[in-house]
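The points can be read in any order.

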Amino acid sequence: MTLNPKYTLVHDDSSLKQLLYHLQFYDIAAVDTEADPMYHYEIKLCLIQITIGETHWLVDTLAGLDLSPIFTSKAMKHIILHGADYDLRLLWKNFKYSPVSVFDTMLAAKFLGEKKLGLADLVYKYFQEVLEKDKQKSDWTLRPLPAEMCRYAMNDTVFLHELCALLGEQLLQKNRFHWLKEMGAYLLQVTQIPSPEKKEPWRIIGSHRLSAKSLNLLKHLWYWREKEAKKLDRPSYKVLAPGFMLNLVKRITPHQDFDPSILPKLPKNFTGKRLESFYNTLRTAFSVKKESYPSPYKHPPPPELLPEVKLLDQLKTIRNQKAESLQIDPSIIANRPQLIALATRPPFSWEERFSQAHLMNFQIDLWQKILNENELL
């Protein structure tokens, strides 16, 4: 187990056949993925790293191979990931793959009270090796992949088997392994659920304070940006940054008609047909009648039921005390929304409150102990 191990690049039928042969002999695989959210309009899954036993594999997901046999193999039924949520979502979206179980080393470290949860931090603590993270923002669609990027990617799974063993043993000693098992099962469920589409995606962060006229301008700008980004195959924010869009509409809102002179300094690549298209979009936006403007943001009505402030403070205090005694982050016992749910009446029984707060079984066990210790049951 060393940095920069020898690996096999799976990019043709022959190398895929080799990987499939090895996968049948192992019960668990260490896995990681690389995607390209910073370079293209649609996020692509570009690479899957797999470590089994003493062998290491870089699977090129852009090579046009039928990779489905990988995901039905023996070794891929149970996997180790670090920060599993994003990887599991990518694998489900692209291959409809979800393992039988997942050991998330980041969650395991959190349940053990580790202060630094990054893979590089854990590798340094347990193995005194330094993981370089300088290629994290690289363009993983490059082909052929540079050797240094391959080495960087492969290092992300090299230590996972041993890290899994070390953290798993500590979890068993502290009687917390079932916490991880329950959370892993939950992750496998939620990562198969697609994110709901936003009804009005152009209402970006910071737009809730804008007037109806400003929102109309922003809406037109947003759709122009998406069309342009898709055409250029670039992330939308690299065409027009959200902050720039907000500042632009605030600046031009007071004007009655569009005139290029009212605009702030535009990006250097706004020239020719792109610039004219941009101008035409704003002219169209200014021509929209007031009655067709989007509605300004409305604050949602307050909840019908509010938490009891005194009880909420009490629960927060005893939660923090318990977390300190267990040397874990208090949010593991209950995050703020869960605390609020626990402190809201009705329901009146703690069992009903546990359900209302959507607590996991291990959290319920912790709360029953906390409430008993503080004579609240």
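1. Contact here means heavy atoms within 4.5 Å. The model is predicted. With that cut-off, and leaving aside neighbours within four places in sequence, E228 is in contact with V239 and R274. E228 belongs to helix α9, which spans residues 212–232. Because its relative accessibility is 5%, E228 counts as buried.

2. Helix α1 (residues 13–23) has S15, L16, L19 and L23 as its buried residues. They cover an arc of only 100° around the axis, so they sit on the same side of α1. The exposed residues D13 and K17 are carried by the face turned away from that buried side. What do the buried residues of α1 pack against? Their partners are β1 (8–10), β3 (45–52), β4 (55–60) and α2 (68–71).

3. The largest nonpolar core has 78 residues. Those with the most contacts inside it are I50, I70, M76, F111, L315 and W367. M76 touches L23, A29, V31, I50, I70, F71, Y97 and P99, when residues up to four places away in sequence are not counted. A second, separate core has 28 residues, among them L217, I252, L266 and L282.

4. Helices α8 (residues 177–190) and α17 (residues 361–373) pack with their axes 8 Å apart, at an angle of about 140°. That angle makes α8 oblique to α17. On the α8 side the meeting residues are H178, W179 and E182, and on the α17 side they are N361, F362 and L366. Sorted by class, this contact has three nonpolar residues, two polar and one charged.

5. Two cis peptide bonds deserve a look. One runs from R143 to P144, with omega near 0°; P144 is in the loop between α5 (119–127) and α6 (147–158). Another joins R345 and P346, with omega about -20°. P346 is placed in the loop between α15 (336–342) and α16 (350–356).

6. Positive phi values are the last item. K96 is not a glycine, yet its phi is positive, at about 50°. Its place is in the loop between α3 (84–95) and β6 (101–104). Is K96 buried or exposed? K96 counts as exposed, because its relative accessibility is 54%. D233, also not a glycine, has a positive phi of about 55°. D233 lies in the loop between α9 and α10 (236–239), and with a relative accessible area of 31% D233 is partly exposed.

Note on methods
Residues numbered from 1 in each chain as written. Predicted model: local features only at pLDDT ≥ 70, side-chain atom pairs only at ≥ 80, totals over all residues. Heavy atoms only, no water. Axes fitted to C-alpha atoms, helices over the stretch in contact; angles between N-to-C directions. Helix = DSSP H or I, 4+ residues; strand = E, 2+ residues; numbered from the N terminus. Parallel < 35°, antiparallel > 145°, perpendicular 65-115°, else oblique. Nonpolar A, V, L, I, M, F, W, Y, C, P; charged D, E, K, R; others polar. Buried < 20%, exposed > 50% of the residue type's maximum accessible area, 1.4 Å probe, protein only. Arc of directions from axis to C-beta. Core = buried A, V, L, I, M, F, W, Y, C linked by side-chain atoms within 4.5 Å.
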